[in-house]
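Please keep the sequence and the structure in view while reading the points below.

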Amino acid sequence: VVVEEYMKKQINILNDTILSLGSKAVGMILFMATDIMIARFLSTESYDEWSFFYAIITMCYWLVWFGINESVRVFVAKERKNIKRQNSNIRIGIKLRLLISGLFLLLFTIASIVFIFVEPSKNLRYPHLKELFVCGSLLCFANSLLEYFKAVFIGLVKFKNIFILTLAEFGGYFIFGVGCLVISKNIIGLGIGYIIAIWNAALIGSILLKKYLRESKCQYADSEYEKTIRWSIFKYAMPIFVVSIGSLLLTEMDSLMLGVMSETGEIGAYSIAKSLMGKLTHVNLAICTSTMTVFAVLTKENVNRMRKTFHKIMLGNVAVMLLICVAVLLFGPYVIRILYGVEYSKSGIVIIYLIPYYCGYAITIFMSALLDYQEKAKQRVPIYFAMILLNFILNMLFIPRYGAIGAAIATDFSLLPYLVGLIFLSYKVFKEKE
């Protein structure tokens with residue numbers, strides 16, 4: 001019986017990993033196909049403008065998330081043995097999600113209107129930015145809902161639903177985004193296509209969640225528990241939100257600074273390389289997502305076994321990471337030149353410089369997940385912002401002189417103190433449970 005239970009558990013982990021990897025693979029392929037089509041249909045100047053806008057809107061995504069999605073994911077995962085409490089966490093989470101997303105939608109809409117009327121003249125470098133910002137308000141609202149559904153299904157270990165949502169989102173970008181761009185022959189059409197795609201994916205997410213709740217007979221905990229847990233979810237979201245601000249700065253600061261401080265073509269070249277490398281980290285993130293949920297429950301009795309499990313997961317992750325590094329080093333520049341065209345050849349050079357960043361990120365996501373599941377997210381706030389500050393300083397030094405390559409070097413070196421800090425904090429987590 002024990003052997004059968006162990007085998008069943010291992011098969012479930014394998015299935016979850018395959019589905020998680022599959023969703024990331026589908027997302028990566030569809031993202032690349034969409035980005036290639038956008039780069040091919042737009043001029044270099046228009047692709048620069050789209051990259052600059054998308055860097056800004058990605059930062060807005062992190063703000064609107066407000067830490068709620070990740071907080072709910074943790075609380076849902078912790079209550080896997082109590083369906084009533086788990087469902088209550090989901091219900092409270094969606095109410096918080098709608099409230100905060102609605103407030104940000106109102107704020108961004110007002111800001112977009114003010115931006116249009118306060119500065120009526122066209123920006124010569126980014127002439128369509130104002131119209132794109134109007135699209136951005138709707139993108140942010142729908143994205144926050146979609147990411148909430150993904151977070152809940154991760155907590156529920158429903159990776160089939162993650163696969164469906166990933167296919168709907170990135171497939172939608174390809175079909176509606178590229179389709180509207182081809183029809184309109186305008187960058188605004190691309191923005192409208194993205195809105196259609198992400199709202200469609202969010203709608204599918206709501207249908208899948210309603211289906212799950214019906215199947216669990218919509219059982220909820222008592223109102224006293226819901227009052228208590230509402231504050232707990234919101235309270236734990238705060239340190240995650242603070243770290244998220246750091247994440248958005250780290251992720252898009254370099255693109256924004258390139259868009260302002262560098263010559264035309266630099267932000268496009270950097271955006272392609274950074275996006276492709278970022279999508280490659282999704283392979284490691286898929287492994288992390290499917291394996292790290294078990295660390296929500298870490299006790300004195302299971303600490304030694306869980307430490308060994310963590311080490312095994314990390315070894316497997318490093319092996320995958322090294323294979324990807326070799327592939328990027330050997331084929332990255334050639335693939336970019338073939339897919340995007342010779343005008344983006346510089347991206348092939350930049351992606352080589354971003355290999356150290358990829359390695360550091362692929363390792364830190366596992367240690368970050370460990371701390372998050374143990375409700376210790378606030379412990380990584382100081383080292384995270386030290387990394388942000390270092391990245392800003394290095395960007396100021398390197399971007400004016402080296403452009404996209406300078407931004408890549410700055411990103412690589414800024415990640416080092418964060419990596420060292422997380423190694424220490426992860427060791428401390430296991431040590432405290434002994």
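**A loop residue and its setting**

Phe66 is found in the loop between helix 2 (44-65) and helix 3 (68-78). The model is a predicted one, and the protein chain in it has 14 helices and zero strands. The radius of gyration is 22 Å, close to the 22 Å that the globule rule gives for 434 residues, so the protein chain is as compact as a globular protein of that length.

- Most residues other than glycine have a negative phi.
- Phe66, although not a glycine, has a positive phi of about 60°.
- Phe66 counts as buried because its relative accessibility is 17%, which is under the cut-off of 20%.
- Lys185 is not a glycine either, and its phi is positive at about 55°.
- The place of Lys185 is the loop between helix 6 (159-184) and helix 7 (187-215).
- Lys185 counts as exposed because its relative accessibility is 74%, which is over the cut-off of 50%.

**Overall form and surface**

- Along the principal axes, the C-alpha atoms of the protein chain fill a box of roughly 65 × 40 × 35 Å.
- Of the 434 residues of the protein chain, 56% count as buried.
- The protein chain exposes about 19,700 Å², and carbon and sulfur atoms supply 70% of this area.
- Among contacts between residues at least 6 apart in sequence, 84% join residues at least 24 apart.

**The largest nonpolar core**

- In soluble globular proteins, nonpolar side chains tend to be buried together.
- The largest nonpolar core of this protein chain has 136 residues, and those that touch the most other members are Trp50, Met277, Met292, Phe310, Tyr340, Tyr358 and Phe366.
- Helix 5 (residues 129-155) gives the largest share of this core, with 15 residues.
- Leaving aside residues up to four places away in sequence, Met292 touches Phe310, Ile313, Phe366, Ala369, Leu370 and Tyr373.

**A buried asparagine**

- Asn395 lies in helix 13 (residues 381-402).
- Asn395 is buried, because its relative accessible area is 0%.
- Not counting residues up to four places away in sequence, the contacts of Asn395 are Met253, Asp254, Met257, Pro400, Ala407 and Ala410.

Methods:
Residues are numbered from 1 along each chain as its sequence is written. This is a predicted model: local features need pLDDT of at least 70, side-chain atom pairs count only at pLDDT 80 or more; totals for chains, interfaces and linings use all residues. Side-chain values use heavy atoms; hydrogens and water are left out. Helices (H or I, at least four residues) and strands (E, at least two) are DSSP runs, numbered from the N terminus. Buried means under 20% relative accessible area, exposed over 50%, partly exposed in between (1.4 Å probe, protein chains only). Contact means heavy atoms within 4.5 Å. The radius of gyration is taken over C-alpha atoms; the globule rule is 2.2 Å times the number of residues to the power 0.38. Accessible areas come from the Shrake-Rupley method with a 1.4 Å probe; for residues, only the protein chains shown count as cover. A nonpolar core is a set of buried Ala, Val, Leu, Ile, Met, Phe, Trp, Tyr and Cys residues joined through side-chain atoms within 4.5 Å.
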